[in-house]
Amino acid sequence: MTWVLIFSGRELFRGTYAGALDAAESVRLCQRDFHPDGTELAPRLDRGVMLVLARMVPAFRRRAAA
């Protein structure tokens, strides 16, 4: 599946889920934490950041335009 990372209405990345999280982390829009036992917790995206499937982007843009 192809994922799209969107911030403030602009597409920042298009590709794999892991790649999108890496891209978000590289521009400090995502925080990754670890549980004390070493397991990774779910990544947390900052406000205004969306990670959606590429097939959902046209529907998102229609809603944003309305």
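These legends go with close-up views of a predicted model. Local features are described where pLDDT is at least 70, side-chain atom pairs count at pLDDT 80 or more, and totals for chains, interfaces and linings use all residues. Residues are numbered from 1 along each chain as its sequence is written, and side-chain values use heavy atoms, with hydrogens and water left out.

**View 1. R14 pairs up with E11.**
Side chains of opposite charge can pair when their charged atoms come close. Here R14 and E11 make a salt bridge, and their closest N and O atoms are 3.0 Å apart. (A salt bridge is a side-chain nitrogen of Lys or Arg within 4 Å of a carboxyl oxygen of Asp or Glu.) Both ends are partly exposed: R14 has a relative accessible area of 43%, and E11 comes in at 34%. (Buried means under 20% relative accessible area, exposed over 50%, and partly exposed in between, using a 1.4 Å probe and protein chains only.) Searching the whole structure turns up 3 salt bridges.

**View 2. D22, E25 and R32 link up in a network of salt bridges.**
Take D22 and R32 to begin with: their closest N and O atoms are 3.2 Å apart. D22 sits in helix α1 (residues 17–26), while R32 is in the loop between β3 (30–31) and β4 (44–45), so this pair ties together parts that are 10 residues apart in sequence. (Helices, H or I with at least four residues, and strands, E with at least two, are DSSP runs numbered from the N terminus.) E25 also bridges to R32, with 3.8 Å between the closest N and O atoms. How accessible is D22? Its relative accessible area is 42%, which makes it partly exposed. E25, at 34%, is partly exposed, and so is R32, at 25%.

**View 3. Some residues of helix α1 are buried.**
Which ones are they? They are G19, A20, L21 and A24. What covers them includes β1 (3–7), β2 (10–15), β3, β4 and β5 (49–53). (Contact here means heavy atoms within 4.5 Å.) After α1 comes R28, whose phi is positive, near 60°.

**View 4. Strand β5 runs antiparallel to β1.**
The two strands pair over 5 bridges. (Two strands pair if DSSP finds at least two bridges between them.) Look for F7, whose bridge partner in β5 is V49. In β5, 4 of the 5 residues are buried, so the strand is largely enclosed by the rest of the structure.
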